[in-house]
Amino acid sequence: MNKYSLLVILLVILCSMASCEKDDLCIPEEAATPRLIILFTDNNNPLIRKPVESLQVIESISGTAVPLNAAGVQVLTQVDSIAIPLRIDQNTTQYRFERTLNGALNPDPINFNYTIGEQYINRACGFKAIYSELTRDIPLETPANPWIRNVLVRNSTITSNQDIHVEIRH
């Protein structure tokens with residue numbers, strides 16, 4: 001009887017493993033809504049990455065600092081690229097990019113406009129947000145003292161965290 005019980009348990013385990021499909025598992029990296037990847041470059045020579053001395057990005061409507069990377073860090077020093085979230089409840093996200101240089105804070109506003117869509121991942125994960133038709137709008141800064149010289153949209157469709165979507169020249 002003992003051998004019979006062991007055989008039944010083994011058969012149950014094998015059957016349960018065989019019935020598990022890829023759609024039954026949700027890999028967090030696949031399910032995550034992609035972030036806006038921004039690269040900072042030199043205004044005089046755009047082929048050269050130019051780090052920002054000290055950077056914090058504030059979501060203008062809520063007034064809260066946003067995470068600048070996957071680890072959730074809100075202030076970075078000597079950073080040449082960041083990954084920030086876009087809002088999924090409206091088609092615009094308004095940010096203030098705050099650079100601190102020699103103790104002086106200089107915020108520059110940038111608004112990102114886009115169309116929100118959904119992408120089906122699988123049965124376990126469901127859907128994730130994707131963004132298309134990304135554009136940027138640079139409101140006038142008062143007083144006029146911009147540290148950001150130009151903002152270019154390099155990829156207007158945001159479906160993954162692998163591509164650079166925006167280039168900021170300073």
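Biologist: Which residues are linked with Glu-59 in a network of salt bridges?

Modeller: Glu-59, Arg-87 and Asp-89 are linked in such a network. A salt bridge here is a side-chain nitrogen of Lys or Arg within 4 Å of a carboxyl oxygen of Asp or Glu. This is a predicted model, in which local features need pLDDT of at least 70 and side-chain atom pairs count only at pLDDT 80 or more, while totals for chains, interfaces and linings use all residues. Residues are numbered from 1 along each chain as its sequence is written, and side-chain values use heavy atoms, with hydrogens and water left out.

Biologist: How far apart are the closest N and O atoms of Arg-87 and Glu-59?

Modeller: They are 3.3 Å apart in the salt bridge of Arg-87 with Glu-59. This pair links distant parts of the chain, 28 residues apart: Arg-87 is in the loop between E5 and E6, and Glu-59 is in strand E2. Strands (E, at least two residues) and helices (H or I, at least four) are DSSP runs, numbered from the N terminus.

Biologist: Is Glu-59 buried or exposed?

Modeller: Glu-59 is buried, with a relative accessible area of 5%. Buried means under 20% relative accessible area, exposed over 50%, and partly exposed in between, with a 1.4 Å probe and protein chains only.

Biologist: How many salt bridges are found in the whole structure?

Modeller: The search finds six. One of them joins Arg-49 and Asp-80, with the closest N and O atoms 3.4 Å apart. Arg-49 is in the loop between strand E1 (36-41) and E2, and Asp-80 is in the loop between E4 and strand E5 (81-84), 31 residues apart. Arg-49 is partly exposed at 45% relative accessibility, and Asp-80 is partly exposed at 23%. Another salt bridge is formed by the side chains of Glu-167 and Arg-154, at 3.6 Å from N to O. Glu-167 belongs to strand E10 (residues 166-169), whereas Arg-154 is in the loop between strand E9 (150-153) and E10. Glu-167 is buried at 5%, but Arg-154 is partly exposed at 47%.

Biologist: Back to E2. Which strands does it pair with?

Modeller: Two strands pair if DSSP finds at least two bridges between them. E2 is joined to strand E4 (residues 75-79) by four antiparallel bridges, with Gln-56 partnered by Val-75. Five bridges join E2 to strand E6 (residues 92-101), also antiparallel, and there Val-57 has Phe-97 as its bridge partner. E2 also pairs in the antiparallel sense with strand E3 (residues 64-65) over two bridges, where Glu-59 stands opposite Thr-64.

Biologist: Why is E2 described as largely enclosed?

Modeller: Six of its eight residues are buried, so E2 is largely enclosed by the rest of the structure.

Biologist: And Glu-53, what is it in contact with?

Modeller: Glu-53 is found in strand E2 (residues 52-59) and is partly exposed, at 26% relative accessible area. Leaving aside neighbours within four places in sequence, Glu-53 is in contact (heavy atoms within 4.5 Å) with Leu-76, Thr-77, Gln-78, Arg-99, Thr-100 and Leu-101. Glu-53 and Arg-99 are 46 residues apart in sequence and 7.1 Å apart in space, C-alpha to C-alpha.

Biologist: New topic: what is the strand order in the open sheet of four strands?

Modeller: The order is E5-E1-E10-E9, with mixed pairing. E5 and E9 are the edge strands, each pairing on one side only. E1 and E10 run parallel and are joined by four bridges; Phe-40 stands opposite Ile-168 in E10.

Biologist: Lastly, which residues form a disulfide?

Modeller: Cys-26 and Cys-125 do, with their sulfur atoms 2.0 Å apart; a disulfide is a pair of cysteine sulfur atoms within 2.5 Å. Cys-26 lies in the loop between helix H1 (2-18) and helix H2 (28-31) and Cys-125 in the loop between strand E7 (104-122) and strand E8 (126-137), so the pair ties together parts 99 residues apart in sequence. The link is right-handed, with 115 degrees about the S-S bond. Cys-26 is partly exposed at 36%, whereas Cys-125 counts as buried at 16%.
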